[in-house]
Number of protein chains: 2
Amino acid sequence: MHSWVDGQPVDSVPLKDRGLAYGDGLFETIAVKAGQPLLLDRHLQRLNEGCRRLALVADHGVIRSEVLAYAVALGDGILKLILTRGDSLRGYGLNPGAPVRRILQGSAPATYPPAHGVEGIRLFPCATRLAEQPLLAGLKHLNRLEQVLARAEWQDADHAEGLMLDMSGRVIEGVFSNLFLVRNGLLLTSDLSRCGVAGVMRAELLAQAQALGIPVVVADVSVEQLRQADEVFVCNSVYGIWPVRGCAAMSWPVGPLTRKLQGIVRALLDI
Amino acid sequence: MHSWVDGQPVDSVPLKDRGLAYGDGLFETIAVKAGQPLLLDRHLQRLNEGCRRLALVADHGVIRSEVLAYAVALGDGILKLILTRGDSLRGYGLNPGAPVRRILQGSAPATYPPAHGVEGIRLFPCATRLAEQPLLAGLKHLNRLEQVLARAEWQDADHAEGLMLDMSGRVIEGVFSNLFLVRNGLLLTSDLSRCGVAGVMRAELLAQAQALGIPVVVADVSVEQLRQADEVFVCNSVYGIWPVRGCAAMSWPVGPLTRKLQGIVRALLDI
C-alpha cells in the first residue's frame, strides 16, 4: 500500500530531509496483525525516549493515531515508521522552524523460514565491531552503517543472523536482533549503555521474565560467558525468538527456558 | 537551481532509498566558482575511496561528468553530491540489483563572516565525543548524528566551530572542519584512522606543506599538545582556513604559518 508522509499518501521525501543528509532521525519496525500494531506501546516508548535524547520535538499523539490508522489499512504486514528532523538549512545546525517529518511505510509480512524458530539457527561471527557511543546507544536511529557492513559479511543461508561484539570484545547483539543467554536458570542479556539497539522484544522479554520470577541480569557479556551458556537465543519484535544452535566453533542445545519464552512470545505475536 | 537525481531534474528520493533508511551512502560538499568545481580531483578521490570501503559500485566517469555539468549550470555556489546504495529490499542486506543513486544539489555560496578568516575564531569545546570505528574512519559517509549532536551544543555567535575529541580524549577535528596545530615550525594534524572525516582541504594542505618543505606530522594529538601549540587553525574545502584564537581557557595568536597557508588556499579557492 501507499506510504504516508506527514499523513499524506506520498512515496518520496525532499532531498533536503535530514534523514537522508545525516541519518538524523529514528525508526521503528512494527509487526501488524489483523490491523493491530503489535507491542505498540513499547515501540512508541522507545521512539519517545529517542526523541528526548536527540531533541526531536514530535507530536506523539499524532504519531500514535497515524500508526493505528495505517495498521488498519495495512491489515497484515510490517509497518516501518521513520521520524526525521525535517528539512535542513545548510550544515549540521538545527533548523528550529522545520517540523519533524513522519514517514509510514507498509510491506508484506516477514517470510523467515519457520525452521528458524523450531530447529534454531546459526550466527555468523561478524568481524564488524560496534563502536562505543553512549549518546546514541540503545536508540534505533538512522545511522546504521555498522549493521549494513556486518550484514554484508555473509551471504550463505546457513547463517540466519550475525553476532556483533563491541570494540572491546564484549558480546552485544545480533545485526537485527538482541541476544539472550541462559546459564544455571539465569537469563542474561547485554548491557546496551555503550552501543547496541535496545529492542522492543528484549524489553518485553525482560518484563515477562520478571513477572514469571525468572532471575534476569542485564550486564556486560563476554565471549567466554557466551561459550559456557546453557541456552542462547536471539529475538526481535517481528520474528519473535529464534533459538541459537551455534556460532563459529561454539554450539548450544535448544533449551527449556528458550522454549518457554517462545511460547509466551508466540501468544504475543499471534504466530 | 533544480537538483538532479541520476541525471534527472528531481527534488526528492523514494522512501526506500538506503541513504534515508540507514545513512547508507557518502557525500561531498564542493565549492563551485565560475562554473568550476574546486579541488574536484580530491573530492572524487575521497568518494572513490569511500565507495571502495563501503563496497558501493558506482560509475565514477558518469559522476565526474555530472558534477562538471552541474557546476557549469550552478555558476557560483555549493554543490552537494550524495551517493546512496539505491533502494532497499527489506532489512540491512544488500540489494545486488539496485544501482547506486546519484544526487546533486546546488545552493548559494557560503556566507561566513570574512572576519573568521581575518581575525580568527573561537572553538566551542564540544562534550559530544567521536566514537572509534576504524571501518568508517576518514569517510564522509551519511551517518552524521555525532556531528548533529555536537553542533547543537552551542547557538551563540562567539563560537564559529566546535572542537571534538574522541572517546579516549584525543583531539580529532572540528564539527565541519579539520584541525591543524603548529609547534616549533612543525605542522601537526590528527591521525584519522579511528574516527573523523579526512577532509579534502586537509589533504591539500598536507600536500602543499610537503611541497613547500614544511615538516608535517599526522599523529595522535593530545589536549596538552593543543594547549602548547604556537598556532592553531581549522580548514575545510568551502571556507578555506580560519585561524583559531581560543577554545575554553586555551588561547593562541594568529601566526605566520597560518597566514602563509591562508594565502595559498585563497589562491586555490579564488577567495
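Modeller: Happy to! A residue counts as buried here when its relative accessible area is under 20%. Bear in mind that this is a predicted model. By that cut-off, strand β15 of chain A, residues 240–247, is mostly covered, with 7 of its 8 residues buried.

Let's go through the partners of β15(A) in turn. On the parallel side, strand β8 of chain A (residues 121–125) is joined to β15(A) by 3 bridges. One position to look at is A:R122, which stands opposite A:G246 of β15(A). Strand β14 of chain A, residues 231–236, pairs with β15(A) as well, this time in the antiparallel sense and over 4 bridges. Within that pairing, A:V234 has A:W242 as its bridge partner.

Now for the nonpolar packing in the model. The largest nonpolar core has 44 residues, and those with the most contacts inside it are A:I103, A:C126 and A:V175 along with B:I103, B:C126 and B:V175. At least two residues of this core come from each of α1 (18–22) and α5 (145–151) of chain A, and likewise from each of α1 (18–22) and α5 (145–151) of chain B. Taking A:C126 as an example, and setting aside residues up to four places away in sequence, its contacts include A:A150, A:W154, A:L163, A:M164 and A:V175. There is also a second, separate core of 25 residues, with A:L56, A:A58, A:Y70 and A:L79 among them.

How do the two chains relate? Chain A superposes on chain B through a rotation of 180° with 0.0 Å of shift along its axis, at an RMSD of 0.0 Å. The two copies are thus related as by a two-fold rotation axis. Of the interface residues of chain A, 100% are also interface residues in chain B, so the copies meet through the same surface.

One last stop, in chain B: B:K140 lies in the loop between β8 (121–125) and α5. This lysine is buried yet has no salt bridge, and the nearest side chain of opposite charge, B:E28, is 6.6 Å away.

How values were computed:
Residues are numbered from 1 along each chain as its sequence is written. Chains are lettered from A and ligands numbered from 1 in the order in which they are written. This is a predicted model: local features need pLDDT of at least 70, side-chain atom pairs count only at pLDDT 80 or more; totals for chains, interfaces and linings use all residues. Side-chain values use heavy atoms; hydrogens and water are left out. Copies are superposed by least squares on the C-alpha atoms of residues with pLDDT of at least 70 in both. Contact means heavy atoms within 4.5 Å. A nonpolar core is a set of buried Ala, Val, Leu, Ile, Met, Phe, Trp, Tyr and Cys residues joined through side-chain atoms within 4.5 Å. Buried means under 20% relative accessible area, exposed over 50%, partly exposed in between (1.4 Å probe, protein chains only). Lys and Arg count as positive and Asp and Glu as negative; His and the chain ends are not counted. A salt bridge is a side-chain nitrogen of Lys or Arg within 4 Å of a carboxyl oxygen of Asp or Glu. Two strands pair if DSSP finds at least two bridges between them.
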